[in-house]
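Please read them with the model open beside the text.

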Amino acid sequence: MAAVSEAYTELTDPEVPGTAAAASRAPAAAAFPPDGPLGWRGYDEMRARAHARTGEHESVVTALATMGGTEAVVLSFEFRYLGGSLGERTGDRLEAAYTLARERGLPVVSLIATGGSRMQEGMRALAQLQRVAAQSARNRAAGLPQIAVLRDPTTGGGWATLGAAADVILALPGAQVGFAGSRVRPADADPSAYSAEGQLASGHLDAVVPPDRLRTTLQHWLHLLCGAGGAAGSGGSGEEEALAPAPLPSARGVPGLPESGWGAVTRAREPRRPRAEAYLRAYFDDRQEISGDRCGGVDPGMRCGFGRHQGRTIAFAAQCGTATRPAGFRTAARLIRLADRLGIPVLTLVDTPGAANDAAAERAGTGAAIADAFAALATARVPVTSLLIGEGGSGGALALAAPDRLWATPDSYFSVIAPELAAAILKRDPAQIHETADQLRIRPQDLLDLGVIRGIAPPA
């Protein structure tokens with residue numbers, strides 16, 4: 001606990017009065033029948049040895065902690081206590097901690113190291129996963145952030161509840177992470193699939209963080225998700241109606257509007273044109289990114305996360321000029337829904353030649369992923385500001401463009417289809433591509449005349 005916080009007070013200490021968790025300190029073991037609910041021979045002795053080894057009465061310690069000036073409820077597993085396994089009394093402590101977080105409007109930070117559910121308590125132990133999942137869902141509905149740190153190992157039900165259900169998932173390097181523990185995996189299983197690095201590559205984690213950077217990283221995340229302008233606990237309260245939108249970024253490319261449709265295309269495709277990174281760097285003082293769609297995919301051409309701009313937290317989803325893959329659309333949808341729950345305004349940067357259309361993308365569900373991004377934007381209660389900073393290729397670009405809140409930079413275009421493809425579909429001669437581009441009316445000034453955008457972003 002001290003490794004990540006400046007100060008903390010254990011909630012599970014019976015001498016801390018007035019907390020919802022105070023009663024969960026486990027000399028309550030006396031309430032168990034001898035050797036637990038299953039009468040597992042030697043279980044009481046196992047627990048006594050675990051207590052003598054660790055000084056703890058259960059596999060999890062809960063505390064009120066301060067990190068970078070932000071108060072949080074912290075759940076820290078003690079792996080040396082029966083492998084950090086979850087039993088009924090563990091469930092008591094976790095439920096009390098989640099309840100206290102809701103009562104005080106605090107985020108929950110879970111420091112997880114567990115091998116799964118406790119066999120010596122059988123189905124009574126396994127049922128704690130439903131109990132923990134219900135508590136996590138209640139905190140999510142209350143608009144309270146949840147951050148998980150996966151230590152070695154994080155397997156079984158601890159990964160499938162406290163870990164995988166968190167809003168932001170961090171892991172220590174080399175940690176074992178997976179639903180299957182090391183002794184129950186197939187003998188020929190690829191070990192990298194059960195590692196923090198493997199889970200990151202598959203889109204299931206947001207970052208692998210070295211121990212010496214963990215405290216700072218947690219402080220940044222808590223500051224972003226709970227600081228001014230990102231009011232934790234406001235989700236669903238109605239306060240989002242008064243939330244100011246993200247300010248429009250300044251245009252960073254070449255000033256002056258293009259003279260022709262093909263001129264707009266040429267400027268948007270210029271390799272040296274400012275891309276998402278240039279805009280994010282200029283706009284935010286500090287930012288942290290999420291990664292992955294939680295469905296097995298990562299798209300490096302989609303940057304999503306939270307940053308500080310003029311003292312406020314703004315969420316962002318930014319296309320980087322490449323064809324957006326299904327994982328990118330799903331990651332953006334995940335970001336928008338998280339920001340909506342936390343009451344944080346969203347900025348999207350639109351820049352893609354279109355959705356990826358190769359066979360792998362179709363198998364991964366391009367259509368469904370775009371539909372999900374459309375739905376996330378359509379149902380967001382927080383304001384979404386969108387800026388077209390380059391190519392606006394058909395539905396793949398529209399999926400990140402907020403309805404009625406889209407602006408464009410001078411070196412951008414938006415088209416129902418790329419001019420080359422339009423000419424091909426219409427069976428036109430390639431020499432007619434420039435004429436086709438003009439007919440499509442894709443320049444920023446055309447988009448403004450057509451009512452597609454609200455305005456053209458002024459230069460920096």
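1. The phi of Leu82 is near 50 degrees, a positive value in a residue other than glycine. With a relative accessible area of 21%, Leu82 is partly exposed; buried means under 20% relative accessible area, exposed over 50%, and partly exposed in between, with a 1.4 Å probe and protein chains only.

2. Before going further, please keep in mind that this is a predicted model, in which local features need pLDDT of at least 70 and side-chain atom pairs count only at pLDDT 80 or more, while totals for chains, interfaces and linings use all residues. Residues are numbered from 1 along each chain as its sequence is written, and side-chain values use heavy atoms, with hydrogens and water left out.

3. Gly87 is also found in the loop between β3 and α2, and with a relative accessible area of 0% it is buried. The C-alpha atoms of Gly87 and Pro383 are separated by 43 Å, and the two residues are 296 residues apart along the chain.

4. Two further points concern the backbone. Most residues other than glycine have a negative phi, and most peptide bonds are trans. Lys427, although not a glycine, has a positive phi of about 60 degrees; Lys427 is placed in the loop between α14 (419–425) and α15 (433–440) and, at 77% relative accessibility, counts as exposed. The peptide bond from Asp152 to Pro153 is cis, with omega near -5 degrees, and Pro153 lies in strand β5.

5. What is the volume of the largest pocket? The volume is about 740 Å³, taken as the space filled by probe spheres set on grid points that are joined across faces, edges and corners. Of the 22 residues that line this pocket, the closest to its centre are Gly115, Gly116, Ser117, Met119 and Thr155, and the elements that give two or more residues to the lining are β5 (146–155) and α5 (156–163). A pocket here is an open set of points on a 1 Å grid over the protein atoms alone, where a 1.4 Å probe fits, with protein on both sides within 12 Å along at least five of seven lines, and lining residues have an atom within 4 Å of a point.

6. Leu38 is in the loop between β1 (7–10) and α1 (43–54) and is partly exposed, with a relative accessible area of 46%.

7. A search of the whole structure finds 26 salt bridges, each being a side-chain nitrogen of Lys or Arg within 4 Å of a carboxyl oxygen of Asp or Glu. One of them joins the side chains of Arg294 and Asp206 (2.6 Å, N to O). Arg294 lies in the loop between β9 (286–290) and β10 (302–309) and Asp206 in the loop between α6 (196–201) and β8 (207–208), so the pair ties together parts that are 88 residues apart in sequence. Arg294 counts as partly exposed at 23% relative accessibility, whereas Asp206 counts as buried at 5%.

8. The side chains of Asp372 and Arg337 meet in another salt bridge (2.8 Å, N to O), and this pair links distant parts of the chain, Asp372 in helix α12 (residues 366–379) and Arg337 in helix α10 (residues 326–342), 35 residues apart. Helix α10 is mostly covered, with 16 of its 17 residues buried, although Arg337 counts as partly exposed at 36% relative accessibility. Just after α10, Gly343 takes a positive phi of about 70 degrees.

Notes. Helices (H or I, at least four residues) and strands (E, at least two) are DSSP runs, numbered from the N terminus.
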